[in-house]
2 protein chains.
Amino acid sequence: MSKSIPFQHVDRVPLDHVNIHDDFWSYYIDLVRSVVVPYQWDALNDRIEAAEPSGAIRNFKIAAGLEEGEFYGMVFQDSDVAKWLEAVSYLLESQPDPELESTADEVIEIIAKAQQEDGYLNTYYTLKEPGRRWSNLAECHELYCAGHMIEAGVAYYRATGKRKLLDVVSRFADHIDSVFGTEPGKLRGYDGHQEIKLALVKLYHATGNERYLRLAQYFVEQRGQKPNFYEIQLKERGGESHWTGINHAIDLQYSQSHAPVREQEKAIGHAVREVYMLTGMADVAAETKDESLLAACRRLWDNIVSRQMYITGAIGSMPQGEAFSFDYDLPNDTVYAETCASIGLIFFAHRMLRIAPQAEYADVLERALYNTVVAGMSRDGKHFFYVNPLEVDPKACRGANHKFDHIKPVRQEWFGCACCPPNVARLLASLGEYIYMVQGGTIYAHLYIGGEAKLNVGGSEVQVKQTSNYPWDGRIRFEINPQEPGKFALALRIPGWCRHARLSVNNEPYPVDGQVIQDGYVHISRNWQQGDFVELVLDMPVERMRSHPLVRGNAGKVALQRGPLVYCLEQADNGANLHEIVLPANAKLEAKFENGLLGGAVAITAQGLRQDAAKWPGGLYSSEAVPALQEAKVTFIPYYAWANRGEGEMSVWVRETF
Amino acid sequence: MSKSIPFQHVDRVPLDHVNIHDDFWSYYIDLVRSVVVPYQWDALNDRIEAAEPSGAIRNFKIAAGLEEGEFYGMVFQDSDVAKWLEAVSYLLESQPDPELESTADEVIEIIAKAQQEDGYLNTYYTLKEPGRRWSNLAECHELYCAGHMIEAGVAYYRATGKRKLLDVVSRFADHIDSVFGTEPGKLRGYDGHQEIKLALVKLYHATGNERYLRLAQYFVEQRGQKPNFYEIQLKERGGESHWTGINHAIDLQYSQSHAPVREQEKAIGHAVREVYMLTGMADVAAETKDESLLAACRRLWDNIVSRQMYITGAIGSMPQGEAFSFDYDLPNDTVYAETCASIGLIFFAHRMLRIAPQAEYADVLERALYNTVVAGMSRDGKHFFYVNPLEVDPKACRGANHKFDHIKPVRQEWFGCACCPPNVARLLASLGEYIYMVQGGTIYAHLYIGGEAKLNVGGSEVQVKQTSNYPWDGRIRFEINPQEPGKFALALRIPGWCRHARLSVNNEPYPVDGQVIQDGYVHISRNWQQGDFVELVLDMPVERMRSHPLVRGNAGKVALQRGPLVYCLEQADNGANLHEIVLPANAKLEAKFENGLLGGAVAITAQGLRQDAAKWPGGLYSSEAVPALQEAKVTFIPYYAWANRGEGEMSVWVRETF
């Protein structure tokens, strides 16, 4: 079959049309509602004693003239409030909650009062450097905070129909539009921390005002043009930097402003900025049907997923600059792999999927979601990883070897720079957006997450009910209930990890082959009736994954994956010194669901081999024959669940016998 | 036989009594004389255009009132002049050179004029912060510079009999003695960068003045006592640091001042400081026959060589602080492994050897000398490694992944902080000191370096002539010519790397077994006659070396060693992507001397295996069966010779099949 044609129209599926009932995900979404969002609210209001103060709500109150005081926190502190409001919006859109809505309304009142006469909105500049707006775009996050507030405004409007915050952010966007552009007298600047482009496209969708799309387009196109705007501003500031020890206006690659976006060949610099940029580029490409901009997105997508992505869907190989490094450089222990970067990769994948439904995008989305994003949060919803290593030796952390200073062997309570927890919250609260997509007469199922959805297919409502025990089991059942019987297609993703799938429609086998598979989706085109049901069986054996030979650190090593889940060894099951473990190429791998394990999970056991340090002939180096490896049972658990049983070693990759 | 008894007397062998004629070493020593020392002289005088200016000689001229200007360079810039003078002294002691001596005399005149009325000598403080002497001992290197100048003064006196610099440094030492101590009114401070203790013991030997020994002992004992002197000074300075970004008075482990030296269990902090400290401790222990201080030296020696030393004799596992990290943490690629640290380890090993002749010390000395120290200098004598990695991928350097920012894939011309090149120069110029030692009635041969030596055995002169093709060949011939026939012992080291040795005396086989081997030396006790000769044959097959199982980064890997030389793979011989190479456990290893290779060297070749990236099924990760490894010839060269054929990958450790 031919490749999918890009740029077809896709409606957003409203969250109140998707009801998630899923053994795996409902737990996390409930956690967001019952723990993360309330906890974050307390954090934003400085009510958590053990955590660093936030000051974020108070900054808005001071800027609104409701309190006296000084700005507190990072230059991007406002964005924490915006992300919280966005997460709240998704929760409200999914399920009414008058108390939560009333709290949000109060916050919005304060934000509205903090907005300046001309529409400008940023508590740092308003309170701390009132005369210096837009003077340090490279470093000072004004457009980043604006973007997050716009996303919140759009989300709250969609959830509640209330326009107050949407009007605030529209006025702000109008103000930004009056400041930036190529017209005489305007600043030819652009966002230092990327974010506003994708937000402006959302604002365009919510308001229908094309000016916001043009402004997003301007920010896409202006980035990296010569003479470089950041260098001009740096000179105007006399070389001054907002930060100590780094100067983001000097390292242009850090913010992907070293070249125009269409000329960028490789993902480089700060990983979150890169994927937020690409999300915005894809949004603009989709709206303007810009083939060459889409080609730039695809080129950078390919670079990331085929050369710079960890098997866990994590990105950002080095802590310095929280950044991409270079092709095939994927160290497991000194990695950065920020939770937010994988969330950004999910945003980007989701946009690419909407432009052209190809399973490759959903495969990466699933990989990042089920591994790095879930790993980012503890089972109690109160502890978070910012950095997600694939190999940890706690002995090496906390200054023992300073190259691991950024690695935390256990999840932390909250962060001074609190970007990841609210990002996890807003992603999980909006998970319903990622499961289905309707394009033309086709319902695409991208993710296998149980629940009910009401979808609009060519003006007619179709109810889809999905049931499964995914990701533990590959059997997924769909019930299709169209309001009226009708012809349309159901396209189910055959994940890249699955070698063999079976399908039946109303208990009749349905062939899964090249004839009906298009870009990784099996298409079931038929006249659907109330009560029709589809059963998909994805074979889910344990797979031995190996890395491209140019990935230096994984040479001779194997990782286990079952379904979408990447596995790891943990000290809790295998004792210390995990590097002593070897997995024979022919070892039988047994997968078994264990109720008591970390909320219920499939563990994998195998007869491995292990070097025994006690049998070493002595000395630090020896030419004596090394004692034979000993047989040893080894246990792997899903990566996302690591570090929930105290502090210990962890490793995804394990040596393999030849 | 019983263990050697410590604390026996050992005379220094003057350098004019040891004439090195050795195919391997003569080249390097000639290079020091003809290239390194003249080049360094030009560097000290700012006559090398391509290099960063030094200012070191000019600083002394300004302080001497001979020129106008301001201090230039690091706070320890004076030490470069001292190290140069020390190297010159060794060259002069080995072989007269009136022109070089006259240049040195001129420099000494300037230094003498730069000395202050009260004996103080330091151009940084004299010129730049005259009122703040001794106000920042943790960071500002006054005692370090003093130590190096004392070493120079002693060496120049020994070489020439001229007392001028010896008198200068004696007056300076007297001044230091008047400032520091536990007596009321004195500062209870000690050296931030360790060095002065070992220098003071040399000054004690040269002058016979016990006060210098007592001062060295004071510095040993006072270190790390509570309340901590650096913390007191830090408070007095209001928290001020001499450096940006680091504060050495806060990180007490950095300078090994976190605890009294006798209580330190593990080598920690800046590696050069640690081994210079231990050298001074061993010197003081030897002179005072202090068993418990010697026990502390042994404990830290054991920790270094059995848990924190690279197979190349390098130390310092991390760039942050150029420091030790923790037991068994020996990463090959992010290592620091400063050339100076291995030189310091040689100093320490040499002192331990003099206290108790045990081959273990000479083995480590040899390992550091033949691998890291020689690697530190290029074959042209003009390029130097400061950092000596055991695995390099040039693609990863120069900011591609910032954890490698300290790694240079090729030797550099000179350094702003120029500690390593002059340290190599002074070590190689004094190499004659390390070969033999006479203790009681025994001549110990520690190193197998060809040449003639005149040794004083119990008041009678014995000429020893050594001939070999070491390190390429294990056959070593000694001719023993006593002035008078007499009974004494010749003790030849059986290196730790040698599994089988044979010996003959005047062509008669001499058993090499437990009966005559004591602490790793085979003792030949007899009545020696003019013309007696000894032939020692050390079997020198290629050995497969493996690391202790707790060395995480070397799990499943092997390194080749032949004789004292550690080998490595280089891109020049094996192409890029060295990590693709696997050495089967049963691969035949062929060693062959190649005249044309890097000044003549034994290369090792083997039939290895290699993963072929071109045969990879595709994607960054794959569960497809990995294509079989291909046979591939692999070539190893001695580690010391790497990076002499342009820029490329290098690796000491290679994966091994099970």
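Let's start with the pair: a rotation of 180° with 0.1 Å of shift along its axis places chain A on chain B, with an RMSD of 0.0 Å (superposed by least squares on the C-alpha atoms of residues with pLDDT of at least 70 in both). That is the relation of a two-fold axis. This is a predicted model, in which local features need pLDDT of at least 70 and side-chain atom pairs count only at pLDDT 80 or more, while totals for chains, interfaces and linings use all residues. Residues are numbered from 1 along each chain, chains are lettered from A in the order in which they are written, and side-chain values use heavy atoms, without hydrogens and water.

Now follow chain A along its length. An automatic or database assignment divides chain A into domain 1 (52–242), domain 2 (256–434), domain 3 (436–538) and domain 4 (543–656). The C-alpha centres of domain 1 and domain 4 of chain A are 46 Å apart.

How do the copies meet? In chain A, 60 residues are in contact (heavy atoms within 4.5 Å) with 60 residues of chain B. The copies meet through the same surface, because 100% of the interface residues of chain A are also interface residues in chain B.

Across this interface the rule finds 4 salt bridges, a salt bridge being a side-chain nitrogen of Lys or Arg within 4 Å of a carboxyl oxygen of Asp or Glu. Arg552(B) and Glu649(A) form a salt bridge through their side chains, at 3.1 Å from N to O. On the side of chain A that touches chain B, β16(A) gives the most, with 5 residues (strands are DSSP runs of E, at least two residues, numbered from the N terminus).

Technical notes:
Helices (H or I, at least four residues) and strands (E, at least two) are DSSP runs, numbered from the N terminus.
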